[in-house]
Amino acid sequence: MAGWRLESPRVLVVDLDGSKGSAVRAATGSMVAYEGDVSFKNAGMGGGGGLRAALKQRVTGESLNLMEVTGRGTVHFAVGAGYVLVLDLAGDVLKAESEGLLALSDSLRTDVTFTGLQGASSGQGLFTTTVTGHGQVALISLGGPPIALRVSPATPLVVDPDSYIGSVGRLQQSFVTDVSWRNLIGESSGEAFSLRFEGDGVVYIQPEER
Amino acid sequence: MGFTKVTSKVVLAEVRPGAEVLARRGAMLATTGQVRFSPVSAGPGGGGYGGGIASALGRAMQGEAVPLMVAEGSGTVHYGFRGHHVTVVELDGSEPMSVEADRLLAHDASMSSSVVFLGQQGGLRGAVRGAVTGQGLFTTQLSGRGSVALLSHGGTFALQVGGSRQVVVDPQAYVAHTGNLRVDVSASVGWRDAVGRGSGEAVQLKVSGQGTVYVQASEEKL
């Protein structure tokens, strides 16, 4: 799908030709400038993912606020001076933190999935947003350019949940806790909870911790 | 004359007698040579910088939100402010630049600046624009030849406006513009916004005319 380009590392530009295929859904309030005849409409409950997704979000608190961008023209998107990472999905599954999602093709579906009970204690949430289908997705990486880390069956990966922005591929995700008596007396290393990925895929992290 | 970019966030200015530099107070990072800094007073007869009594009045009304200082003597000065990105714009004197007072890092003192009350420019609509968008009711207008250093969160990109090409900008992302442009606020506040289900793009700035708009990659104010 043509029409997506980066004006600078921090600004995503999308050309809309008026067809359904060029329409995008973007994070609410992420438009910084546009030309042409473009309309912005709240994608409704569930970020346009349907009633089921809306219900799940209501229950899980994984809030995804998206707006539908349609029409004919050129739109510039940016959030918090973060770096933009554009990914092409060809039937793959992208898991992402909802606040790190900048924009996605209208043809992609979003849903909320359960990632594991132990997430409750890390505060990062037990649920994650999944994006499936064919199209393009833009993620936001705060604090600097995103870093892609390869995961293979031989090399599992552990990341800080606060800097995790998304992952693509067949990956099993689990929480690792390292709580001992030291945490109780306030002498922790600050890395008590981490996310462990096993399988085959790519994990994206940002230089800033949320 | 002119600013040289040292990094994306720091500019270097050369100061000579007759080529003084006005900058936001406290933005000096380092200096070499014989350079003196003095505050630019807002009152009448305040050193001759800043465009006279009318603009002094403007500043007084503005509450002097962004005090300036002048660098005189001969030497070099490094300027930067709170790690924000800096954009250097060269003006050839043919068209003026309008910039939010708090977005201005430094400019050549040879340029004349005036604080414009928005209500004066666009009537009541202008005043409404300032109030609605939270941009403030005053903008600084710079005219003449020289270079200007603008502050932004995440850097700026320039959009050309001309003829039938009209550009719409998010008020929080707007930084400055050059040329003869009309900036109108357009509010398309519907019932969706009232119930908190808006797209977050209810208030927009419509820019028309002939010129260039500078937009930053963030919706954060400085």
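Of the 12 residues in strand S4 (residues 28-39) of chain B, one is buried, so this strand lies largely in the open. Here a residue counts as buried if 20 or more other C-beta atoms lie within 10 Å of its own, as exposed if 12 or fewer do, and as partly exposed in between, with C-beta atoms placed from the backbone. Strands (E, at least two residues) and helices (H or I, at least four) are DSSP runs, numbered from the N terminus. The structure is a predicted model, in which local features need pLDDT of at least 70 and side-chain atom pairs count only at pLDDT 80 or more, while totals for chains, interfaces and linings use all residues. Residues are numbered from 1 along each chain as its sequence is written, and chains are lettered from A and ligands numbered from 1 in the order in which they are written.

S4(B) has a partner in its own chain: 11 bridges join S4(B) to strand S5 (residues 68-79) of chain B, and the two run antiparallel. Two strands are said to pair if DSSP finds at least two bridges between them. Within this pairing, B:Gln34 stands opposite B:Ser74. Chain B as a whole holds three helices and 15 strands, and 40% of its 222 residues are buried.

Strand S1 (residues 4-8) of chain A runs antiparallel to strand S2 (residues 11-17) of chain A, with four bridges between them. A hairpin of two residues links S1(A) to S2(A), and A:Trp4 faces A:Val14 in S2(A). S2(A) also pairs with strand S5 (residues 66-77) of chain A, in the antiparallel sense and over six bridges. There, A:Asp17 stands opposite A:Arg72 in S5(A).

In chain A, 80% of the contacts between residues at least 6 apart in sequence join residues at least 24 apart. For chain B, 81% of the contacts with a separation of 6 or more are between residues 24 or more positions apart.

Where the chains meet, 19 residues of chain A and 23 residues of chain B take part. On the side of chain A, the elements that give two or more residues are S1, strand S4 (31-42) and S5. S4(A) supplies the largest share, eight residues. S4(A) is also joined by three bridges to strand S13 (residues 167-169) of chain B, and these strands run antiparallel. In S13(B), B:Val169 is the bridge partner of A:Ala33.

Beyond its neighbours within four places in sequence, B:Leu105 is in contact with residues including B:Ala23, B:Tyr79, B:Phe81 and B:Leu150.

Finally, the confidence scores: the model has ipTM 0.79 and pTM 0.83. The mean pLDDT (the predictor's confidence in each residue, from 0 to 100) of chain B is 79, with 73% of its residues at 70 or more. Over residues 42-48 of chain B, pLDDT stays under 50. Where pLDDT is low, the predicted coordinates should not be read in detail.

Note on methods: Contact = placed C-beta atoms within 7 Å.
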